[in-house]
Structure formats: structure tokens, C-alpha cells
Amino acid sequence: MRVLLIGANGYLGRFVADRLLADPAVQLTALGRGDDADVRFDLASGSPGALTRFLDAVHPGVVVNCAGATRGGARELTRHNTVAVATVCEALRRSGCGARLVQIGCSAEYGPSQPGSSTAEDAVPRPGGPYGVSKLAATELVLGSGLDAVVLRVFSPAGPGTPAGSPLGRLAEAMRRAMQSGDGELKLGGLGVQRDFVDVRDVARAVHAASLSAAQGVINIGSGRAVRLRDAAAVLARVAGYGGALHELDAPPGPLRTIGHPRGDSDHAAPVAYPYPDGCGSWQQADVRTARDRLGWRPRINLEESLADIWMEAACRI
């Protein structure tokens, strides 16, 4: 099976590439903006015609799109998350390869959920910010393209490679700094938010399964369990061996608050984005029955293992 992977150097894409390369039946080609891609191509500025010519030459059976942007203004997010997907869909429609498309979506497309509820794929999307809007627009383009396509709506990915600027990455960095300075107290903000964390390696397994399946439409990929960020912080402290006290700061109504800083630095810490600027409110939990029924997929890696891997990478910076 020939697979074209777009965005192989991104956070999710690296693990998807590893998973696909582990399948001896897969012949993988990576397309992206970096020098280490097999083929250099910028979806946000490249033409559908140029991509069509490449598709006709390579003739993949599956195209997996892990590319996209999580940060930036509305214009940048639209270019990289929506216009780029429009280019992929149009190129696939023009091409004679007949490839199946596996598009990586995001739980931010749903927006806020009722606390205690599990969000199923038939929920009406109400994204609360430009990122979720740009990803939802991409999903609608895929679903309306007429292609053989599936969108995997990934909830909150965790595990090795977690970006330092993500909520769990910032938690680990705050703890690393506290341990490095010998501080016995760590102040953290915004820990009341609850999210459905799913290990990035389990996400890669889901992409592999979706590539081999005939499933179409939207499929949630999550653990099926919401975890409060303060509980994740306690687990992280345990796996890190941090014996200090964790003090939670009240989250302000505005968007700016540091997620963590050592004691004594509170007057000098530069404000950073609120821990979850994803427009999803205080609660998200996936209904993952569709992934089980249509992909035969279940998450295997628990949050403690994911957090241990996040900490291992953070500790290397000490």
C-alpha cells in the first residue's frame, strides 16, 4: 500500500510516520515544507494542479494529512488549516489515483461541552475560537468533497514529543524549574480545566487503522475519560519525584495567566496564554464508541505513562 503522509515532521506526524513505517506492507512517501521531506510542498501556497501532478506520478492508495497550525492569528490558521485542506481535496478530485483521505481533525471543532457529558460525533459543532473554526471548516470541506475520506477528531494528545508550549508541556517545565532551583512550592494556575487526554502513539495507531478501513465521516479519537489538570499535575509530580507542595492559583476571567512559576518569581513571571485557549470551556470528554466499532481501535497507553514520557524529556533539560 502506497501512503502519502503530509506533515510527517509535526507532533502527530512523526508518530504516524513511525507507525506506518513499522508496517512492512506500507510504502511511505512524506510531503512537507521541511528539507527532510521526500517532496517539498507548501499546501497553503501551492496550487492544486501541482499537487495533482505529483499524486498522478506517485499514485498513492491513501493520503494522510497531519499538517496544520495550532498557533497564530485567524488568517494564518485559515491558510494552514482550511486553505491547505481545500488544496488537498481539489488535487485528489482532479487526480486519477483514487486515493483514500485520512484527515486529522481536532476536538476544538466541537467547542464547549456540558460538564459530565461525552461528546459523540453527531454533536453540533460550536467552536469557541479561530483554531476550532479553521479545523471545522477543513472537516466540512473533506466531508463535502465526495472523496473516500475519514476525519479523525483527536482530543488532547499527550506523551513523548509534547510541545513545551502545551498545557502539559508547561506543567512539566514549571516542575523542572522548581526542582532545579530546589523550590519546595510550586504555584500553578488554571488547573480546574478537564480534558480527554490520549497518547500520541495511540493516535498513530488510529491513523493506521483508519488507513486500512473503509470507514467514512467523523470518528472521535480520545481516551473516553476527562481528567482534571490538577490531577494530571499530581501524577506528574509523583512520576517526577517532586516532593514539594502544589498550590493552585485562582484562574482569572481574562485570557492571561502563567500556568506555573517557582516561588519568588511571581512578580516577574511573564504572562503566557491561559492553559487551554482552545475555546472548549472547562470540560471535554470523547465518546469513543465509533472508533471501537468502526476501526477496532481502543486506547492502550494510560495517562501516567504519557506523563512519565513527558517528564523524561523535560528532565533532560536540567
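A nonpolar core is a set of buried Ala, Val, Leu, Ile, Met, Phe, Trp, Tyr and Cys residues joined through side-chain atoms within 4.5 Å, where buried means under 20% relative accessible area, exposed over 50% and partly exposed in between, with a 1.4 Å probe and protein chains only.

I note that the model is predicted, so that local features need pLDDT of at least 70 and side-chain atom pairs count only at pLDDT 80 or more, while totals for chains, interfaces and linings use all residues. I number residues from 1 along each chain as its sequence is written, and side-chain values use heavy atoms, with hydrogens and water left out.

**Cores.** I looked up the largest nonpolar core and found 34 residues, with Val-64, Leu-152, Ile-221 and Leu-295 having the most contacts inside it. Helix α6 (residues 200-212) gives the most to this core, namely 7 residues; helices (H or I, at least four residues) and strands (E, at least two) are DSSP runs numbered from the N terminus. A second, separate core has 29 residues, including Phe-41 and Val-218. Leaving aside neighbours within four places in sequence, I found Val-64 in contact (heavy atoms within 4.5 Å) with residues including Val-3, Leu-5, Val-102 and Val-207.

**Sheet.** I traced an open sheet of 7 strands in the order β3-β2-β1-β4-β5-β6-β10, with parallel pairing; two strands pair if DSSP finds at least two bridges between them. Because β3 (39-40) and β10 (217-221) stand at the edges with a single partner strand each, one side of each is left without a neighbour in the sheet. Strand β4 (residues 62-65) pairs with β5 in the parallel sense over 4 bridges, and I saw that Asn-65 has Gln-103 in β5 as its bridge partner.

**Helices.** I followed α3 across β1, β4 and β5, where it runs at about 165 degrees to β5; axes are lines fitted to C-alpha atoms, for helices over the stretch in contact, and angles run from 0 to 180 degrees between N-to-C directions. The axes of α3 and helix α4 (residues 130-143) come within 9 Å and cross at roughly 10 degrees. That makes α3 roughly parallel to α4, since angles under 35 degrees count as roughly parallel, over 145 as roughly antiparallel, 65 to 115 as roughly perpendicular and the rest as oblique.

**Ala-99.** I placed Ala-99 in the loop between α3 (74-94) and β5 (100-106), and Ala-99 counts as buried because its relative accessibility is 5%. Ala-99 and Ala-149 are 50 residues apart in sequence, yet 8.9 Å apart in space, C-alpha to C-alpha.
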